[in-house]
Amino acid sequence: MTGVVYTSTVVAAAEPYQVAIVDLDNGGRATVRLEGPLARIGQRVEFIEERNGVPYYRFA
Amino acid sequence: MKPVSVTGAYQTAFGTFADKGIRGLTVEAIHGALADAKVEPGEVEAFYLGNFAGPSFVGQNHLAPYIAAAAGFAGIPATRFEAACASSGSAFFHAVQAVAAGVYQTVVVAGVEVMTTQTTPVVAEILAAAGDAQTEGAAGVTFPAVFAMIARRHMHQFGTTREQMAAVAVKNHANGTKNPKAHMKKAITIEQALAGKPVADPLTVYDCSLVSDGAAAVVITSNPGAVRVRGIAQASDHVALQDKADITTFRANRLAAAKAYSMAGVSARDILIAELHDCFTIAEIVAMEDLGFCERGQGGPYAISGATCANGERPVNLSGGLKSKGHPVGATGVAQIVALKHFLESRNAPLGLAQNLGGSGATSVVTILERVH
């Protein structure tokens with residue numbers, strides 16, 4: 001699955017992490033964990049795997 | 001429908017008051033409002049309570065009768081309303097409907113939250129439950145993260161800047177210094193706000209409202225009073241951010257505002273004082289657009305223009321807002337009504353508006369109050 005970042009943020013925590021809402025190429029939106037630094041809005045991303053029911057994505 | 005007046009209003013000090021207890025704080029607010037209205041507990045016909053998460057924060061459920069009995073009106077219908085941060089706005093909306101319909105003549109509406117009993121990570125987790133637990137909660141989308149994502153999208157679409165968001169914080173902190181009941185009576189500068197500790201990009205601690213304890217209460221009645229509810233509406237929307245077509249606006253705000261304006265027979269131009277739901281600085285900017293105080297996308301420039309400062313053309317959050325007055329979640333909706341009534345009277349203003357947002361906009365309550373001559 002691939003798509004583009006609709007919006008995202010890096011949450012400041014002991015171990016910072018990024019959450020994003022992705023506009024999926026095949027329609028719909030998903031709330032995901034996104035690996036890597038703060039994404040650009042519109043940046044292309046791809047699905048890695050599901051961990052504990054949460055979809056993880058990375059830059060495509 | 002009968003006209004409904006707010007004849008008594010009281011807010012406890014907001015801050016760290018967990019030692020007073022959820023019941024003690026609410027009873028203090030209720031007795032304050034009853035004294036203000038010159039109404040005895042025995043005259044109250046129904047009790048409406050707004051509370052978001054008493055069971056999670058303090059381990060107490062069945063809160064409305066628990067508090068009603070202590071306030072001295074056991075026996076009457078007593079019900080708790082939950083709508084995240086709009087819990088007591090929703091309680092107020094439903095109470096007004098009942099009085100307007102003639103079901104009751106005099107009722108008490110209160111809101112309360114005790115939050116400082118829990119550590120910050122636990123508070124974040126309890127608040128996150130106002131989002132979609134399955135998609136957002138599981139992925140670690142905290143409430144600051146929700147509003148950070150809204151802010152980033154707003155910045156992307158409209159060119160909104162961090163300075164414009166910081167202007168909201170600076171203004172509300174300045175207003176809070178004049179409110180003896182405010183949680184944080186501390187003025188800040190734009191530079192301080194911008195250099196605040198990061199919370200969720202682009203938000204710093206100065207973009208976020210406070211974790212507070214506190215309660216507020218009002219007496220509403222179909223008897224004539226000096227401050228009348230001229231328009232009121234509640235609306236809803238999807239809970240999850242991903243399910244909203246556009247996250248740079250809150251549809252529930254627009255729906256509630258349109259109905260409230262229509263009921264009141266006024267437009268945004270007539271509103272010269274407002275208490276808006278600034279849970280995060282971006283939320284005040286979006287609310288001003290949704291309510292028609294400025295054009296869509298222009299909330300940032302409007303915020304930094306000075307128009308909404310205490311001496312501006314349309315003061316917003318003279319109380320200090322959630323940012324500085326504090327945000328005991330379940331108390332906020334009624335606390336806004338208390339503040340709005342106070343400023344209508346003290347500033348001799350004819351009309352004012354309160355907007356109470358639940359979660360990321362799945363509930364919105366908009367109230368227009370009129371000072372009657």
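**Exercise 1. Strands of chain A**

Task: Find the residue that stands opposite A:Arg33 in strand 5 of chain A.

Solution: 
- Step 1. Across from A:Arg33, strand 5 of chain A places A:Tyr56.
- Step 2. This is a predicted model, in which local features need pLDDT of at least 70 and side-chain atom pairs pLDDT 80 or more, while totals for chains, interfaces and linings use all residues. Residues are numbered from 1 along each chain as its sequence is written, chains are lettered from A and ligands numbered from 1 in the order in which they are written, and side-chain values use heavy atoms, without hydrogens and water.
- Step 3. Strand 3 of chain A and strand 5 (residues 54-59) of chain A are parallel partners, with two bridges. Strands pair if DSSP finds at least two bridges between them; helices (H or I, at least four residues) and strands (E, at least two) are DSSP runs, numbered from the N terminus.
- Step 4. Strand 5 of chain A also pairs with strand 4 of chain A, in the antiparallel sense and over six bridges. Here A:Glu46 faces A:Arg58 in strand 5 of chain A.
- Step 5. The hairpin of strand 4 of chain A and strand 5 of chain A has two residues between the strands, and A:Asn52 takes a positive phi near 50° there.

**Exercise 2. Where the chains meet**

Task: Describe the contact of chain B with chain A.

Solution: 
- Step 1. Contact (heavy atoms within 4.5 Å) involves 23 residues of chain B and 20 residues of chain A.
- Step 2. About 1,800 Å² is buried between the two chains, with 57% given by carbon and sulfur atoms. Buried area is the accessible area (1.4 Å probe) that two parts lose on being put together, summed over both.
- Step 3. On the side of chain B, B:Met149, B:Arg152 and B:Gln242 lose the most area to chain A, together 35% of what that side buries.
- Step 4. Zero salt bridges are found across this interface.

**Exercise 3. The sheet of chain B**

Task: Trace the order of the nine strands in the open sheet of chain B and name the edge strands.

Solution: 
- Step 1. The order is 3-2-4-7-1-8-11-10-9, with mixed pairing.
- Step 2. Strand 3 (78-81) and strand 9 (274-275) of chain B are the edges, each pairing on one side only.
- Step 3. Inside the order, strand 1 (residues 4-11) and strand 7 (residues 214-221) of chain B are antiparallel partners over six bridges. In this pairing, B:Gly8 sits across from B:Val219.
- Step 4. Helix 1 (residues 22-37) of chain B lies across strand 1, strand 2 (46-50), strand 4 (106-113) and strand 7 of chain B, at about 35° to strand 7.

**Exercise 4. Packed helices**

Task: State how helix 4 and helix 14 of chain B pack.

Solution: 
- Step 1. Helix 4 (residues 87-100) of chain B and helix 14 of chain B make an angle of about 65°, and their axes are 5 Å apart. Axes are lines fitted to C-alpha atoms, for helices over the stretch in contact, with angles from 0 to 180 degrees between N-to-C directions.
- Step 2. The two helices are therefore roughly perpendicular to each other.
- Step 3. Angles under 35 degrees count as roughly parallel, over 145 as roughly antiparallel, 65 to 115 as roughly perpendicular and the rest as oblique.
- Step 4. B:Ser88, B:Gly89 and B:Phe92 of helix 4 of chain B meet B:Thr332, B:Gly333, B:Val334 and B:Ile337 of helix 14 of chain B.

**Exercise 5. Backbone details**

Task: Find the residue joined to B:Pro202 by a cis peptide bond.

Solution: 
- Step 1. B:Asp201 is joined to B:Pro202 in this way, with omega about 10°.
- Step 2. B:Pro202 is in the loop between strand 5 (198-200) and strand 6 (203-204) of chain B.
- Step 3. B:Lys38, in the loop between helix 1 and strand 2 of chain B, has a positive phi of about 55° although it is not a glycine.
- Step 4. Most residues other than glycine have a negative phi, and most peptide bonds are trans.

How values were computed
A salt bridge is a side-chain nitrogen of Lys or Arg within 4 Å of a carboxyl oxygen of Asp or Glu.
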